[in-house]
Every structure is written in structure tokens, then in C-alpha cells.
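Me: I have a protein chain on my screen and I am new to this. Can you show me how to read its features?

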Amino acid sequence: MPSPEETNGEHPSAAIEADATGGADEATRQPISTVVIIIAMQTEALPLVSKFQLSEDTDGILFPKGVPWVRYHGKYKDLNINLVWPGKDLLLGVDSVGTVSASLVTYASIQALKPDLVINAGTAGGFKLGRLSTGDSLDMSPYDEGAILANDAVIKDMEGAAVAYVADLLSVPAIFIKAVTDIIDGEKPTAEEFLQNLVAVTANLDQAVTQAIYFINGRCLSDL
């Protein structure tokens, strides 16, 4: 325990707090090394797996035994890229979309991979450019509509808020890249329009995420 003279009259905890703050600032000035991309659907994930020639984990030691989560990994220049997809629901055989899967996968990925940055990429329904909202229903329920209108949100996905919550909880910066598949307040049924546009919109999503990776490489968090 240092004496008062050794701390120049400052309380020891003040010095520790200053060091911690300085360390956090320094971290934002280091080049980004590891990125985790959270994507809910296999259709959205595979173009990026191909583009960056990512390899699928086969040893099954990264995540808890029995979960269907899939990690693809590889390098682009100075970046370690990890793409994590929640996989198929073990009972229903469909993509594990929604906030529950997104929050669990995000938490496990951050804990295991210690990324500098999380990117949540995927498709969404939209009205126009603006704030993103998140819900567990593909269709617009009256409750969802009320919450969206109250918060002036104009894009609705099924994972973003969950990823944002976990990333904030664990103090990892996160960005969100969403491609709009359907106009929620349009004339076509949501599910029909979603399926019609999914292939084309996924190609646009692939392009947008690729441009983001190109931009991030060699940069620091403070540059973003």
C-alpha cells in the first residue's frame, strides 16, 4: 500500500480510474484486429463465407456442446473475421432467427473470441431510412406497431436490439448493416414480399458488408 507521499496526495482509486480510462482510450486507437459478424440466416451468411473464403469450425469446442451454432473464420489482410450463424433449430429445422438466439450467440461469441468490433448484418423490413427497431414477429402486430411509432423507428428486424444489448453489456462496440426486403406498410403481404426479394437483397447485403470490411481493415475504432 503506497503512502500518501507516494501518491502525491491523490486517492489511490483515482489513479486506478485514470489508468483504466487511459487504457480504454488507448484501445480505441489500436488497429481493429478481430471482428465478429452475427448473421441470423444461412442465406445471408453464405455469400460472405464464399467472398472471404471463410472456413467452418469442425472441432466443436468454441461453443457449448449440443448447440447448432456455426462459426466460419478466416483472414482478410490484417483482420481476423469470424462469422457466426445460429444454425438451424434442432426441432423445426429452420433458421434460428429472433432475439433469443441472437442474444445467446452474441454473448457466447464475445466471450470466446474477444472481438474488437461486432457487426450485426441481415435483412429487415422497412418504411424509409432511419431508426432500427427489433421484434420477434415477421408480421406487424398492433403492439409492435405502437412501439415503432412511439420511437419514430422506420426499419424492423428480428435481432438488432438483442445484439446491441449484449454488446453494450460487455462493452464491445457494434454496428448494424441492414438490407430492406419488404415494405411493412406496403400493399403486399410481408412474407410474400420478403421471399420475392430475399435473393436480390441478400446480394446487396453481401456487397454492403464487404465494403464495410474493406473500410475497417487497418483502421482503429476511433476512426469509425
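**Reading the chain, feature by feature**

Reply: Start with a turn. In the hairpin of strand 3 and strand 4, which has two residues between the strands, Lys77 takes a positive phi near 55°. Strands here are DSSP runs of E with at least two residues, and helices are runs of H or I with at least four residues, both numbered from the N terminus. Two strands pair if DSSP finds at least two bridges between them.

Me: What should I know about the model before going on?

Reply: The model is predicted: local features need pLDDT of at least 70, side-chain atom pairs count only at pLDDT 80 or more, and totals for chains, interfaces and linings use all residues. Residues are numbered from 1 along each chain as its sequence is written, and side-chain values use heavy atoms, with hydrogens and water left out.

Me: How many helices and strands does the chain have, and in what order do the elements run?

Reply: The chain has six helices and eight strands. From the N terminus, the order is α-β-α-β-β-β-α-β-β-α-β-α-β-α.

Me: In which sense do strand 3 and strand 4 pair?

Reply: Strand 3 and strand 4 pair in the antiparallel sense, over seven bridges. Tyr72 has Leu83 in strand 4 as its bridge partner. Strand 2 also pairs with strand 3 in the antiparallel sense, over two bridges. There, Glu56 stands opposite Tyr72.

Me: And in which sense do strand 1 and strand 4 pair?

Reply: Strand 1 and strand 4 (residues 79-85) pair in the parallel sense, over five bridges. Val36 stands opposite Asn82 in strand 4.

Me: Is a residue buried or exposed? How do I read that?

Reply: Of the 224 residues of the chain, 41% count as buried. In strand 1 (residues 34-38), five of its five residues are buried. Thr34, Val36 and Ile38 lie on one side, Val35 and Ile37 on the other.

Me: Why does Thr58 count as exposed?

Reply: Thr58 counts as exposed because its relative accessibility is 76%. Thr58 sits in the loop between strand 2 (55-56) and strand 3 (70-76). From Thr58 to Val70 is twelve residues in sequence and 9.1 Å in space, C-alpha to C-alpha.

Me: What does Thr202 contact, and where is Thr202?

Reply: Contact means heavy atoms within 4.5 Å. Thr202 is in helix 6 (residues 190-216). Thr202 is buried, because its relative accessible area is 4%. Leaving aside neighbours within four places in sequence, Thr202 is in contact with Thr43, Glu44 and Pro47.

Me: Which residues does Asn217 touch?

Reply: Asn217 lies in the segment after helix 6. Asn217 counts as buried, at 15% relative accessibility. Not counting residues up to four places away in sequence, Asn217 touches Tyr76, Lys77, Asp78 and Leu79.

Methods
Buried means under 20% relative accessible area, exposed over 50%, partly exposed in between (1.4 Å probe, protein chains only).
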